[in-house]
Amino acid sequence: MVHRVLFWTGFGVAVRFWQLGLEMRPFFNRGSLWAYPVFAGVGASFGYWLQGVDERQTAVLEERKQAILEKRARKAARDAEKAVATA
């Protein structure tokens, strides 16, 4: 989880550098240093949210996988019973 939050924190800071580069403004101007933690915080919160989405989707997929495997096992049991009954 931490790696995803750290990645998006760095991405937020990189976006700030990109923004200042496009505007051709200095990267470390005393008046605009407050924006780096803001961009990093927004990126970190997005990474945290994305981690939650990933965990929920993984849980849903695992639940569906188990349901499919149970269904296949029941079908295999029915087919085995049918084969024994016809033999």
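Which residues does Gln51 touch, not counting residues up to four places away in sequence? Met1 and Arg4, where a contact means heavy atoms within 4.5 Å.

Quick housekeeping. This is a predicted model, where local features need pLDDT of at least 70, side-chain atom pairs count only at pLDDT 80 or more, and totals for chains, interfaces and linings use all residues. Numbering starts from 1 along each chain as its sequence is written, and side-chain values use heavy atoms, with hydrogens and water left out.

Okay, back to Gln51. It sits in helix α2, and helices here are DSSP runs of H or I, at least four residues, numbered from the N terminus. Gln51 is buried, at a relative accessible area of 10%; buried means under 20%, with a 1.4 Å probe and protein chains only. Other buried residues in α2 include Tyr36, Gly43 and Val53, and the buried residues of α2 pack against α1.

So how do the helices meet? α1, residues 2-23, packs on α2, residues 35-86, at an angle of about 140 degrees, and the axes are 7 Å apart. Those axes are lines fitted to C-alpha atoms over the stretch in contact, with angles from 0 to 180 degrees between N-to-C directions. The pair is therefore oblique, the class left over once you take out under 35, over 145 and 65 to 115 degrees.

Among the α1 residues in the contact are Trp8, Gly12 and Phe17, and on the α2 side they include Phe39, Gly47 and Asp54.

Last one: α2 has 52 residues, and at 1.5 Å a residue it should span 76 Å; its end C-alpha atoms are 76 Å apart, which agrees. That expected span is 1.5 Å times one less than the number of residues.

How values were computed:
Helix = DSSP H or I, 4+ residues; strand = E, 2+ residues; numbered from the N terminus. Buried < 20%, exposed > 50% of the residue type's maximum accessible area, 1.4 Å probe, protein only.
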